[in-house]
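Open your viewer and get ready to click along. We will go from one selection to the next and see what is there.

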Amino acid sequence: MNIAQHIALIDELCHRPFPAEHGPSDAGASGPGRHVAVLDAAADDDPARWGVVVDQLEKERDAVCELLASRWGDTPPYSLQTVLLRADREEIPVPWGELSERASLAYVWDVEGTGRWVAVAVTDRDATQDVRLLAVVTETAPP
């Protein structure tokens with residue numbers, strides 16, 4: 001997928017109904033109150049190259065976020081590390097708890113007029129897993 005396709009998918013997910021049950025979708029996975037789309041993924045069996053792969057997908061994330069910011073406004077990075085630390089003391093709502101287990105930070109927008117939030121993040125927490133560029137569309141505000 002290219003950047004224009006990523007943006008088109010995010011737009012579509014902002015208006016797609018949420019399913020009643022959690023399960024796979026054409027974009028990744030969906031469930032009550034959320035869609036999680038895999039915009040891009042990269043795998044490299046060489047642990048020494050894992051950082052390079054993360055860097056590549058972060059550049060792609062930044063390009064997506066630049067276009068989203070031109071529509072919805074600039075947003076600072078949202079620390080998912082803080083969310084992950086809070087999970088030891090409090091219940092973090094879905095999908096934010098799950099996202100914080102996979103990514104260190106996200107760029108987040110409240111999409112006016114839709115009742116939805118959009119987050120874009122790179123799964124950079126576990127060097128043993130494939131790196132993914134995710135878009136999360138949810139009706140739940142970030143904690």
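Two strands pair if DSSP finds at least two bridges between them. Helices (H or I, at least four residues) and strands (E, at least two) are DSSP runs, numbered from the N terminus. This is a predicted model, where local features need pLDDT of at least 70 and side-chain atom pairs count only at pLDDT 80 or more, while totals for chains, interfaces and linings use all residues. Residues are numbered from 1 along each chain as its sequence is written, and side-chain values use heavy atoms, with hydrogens and water left out.

**First stop: a hairpin.** Select residues 105-111, which are strand β5, and then residues 116-122, strand β6. These strands form a hairpin with four residues between them, and they pair in the antiparallel sense over six bridges. Click D110 to find W117 of β6 opposite. In the turn, G113 has a positive phi of about 85 degrees.

**Second stop: the other partner.**

Go to P95, in the loop between α3 (80-86) and α4 (96-102). The peptide bond from V94 to P95 is cis, with omega near 5 degrees. Most peptide bonds are trans.

**Last stop: S100.** Select S100 in helix α4; at 1% relative accessibility, S100 is buried. Leaving aside neighbours within four places in sequence, S100 is in contact (heavy atoms within 4.5 Å) with L80, V83, L84 and R125.

Methods. Buried < 20%, exposed > 50% of the residue type's maximum accessible area, 1.4 Å probe, protein only.
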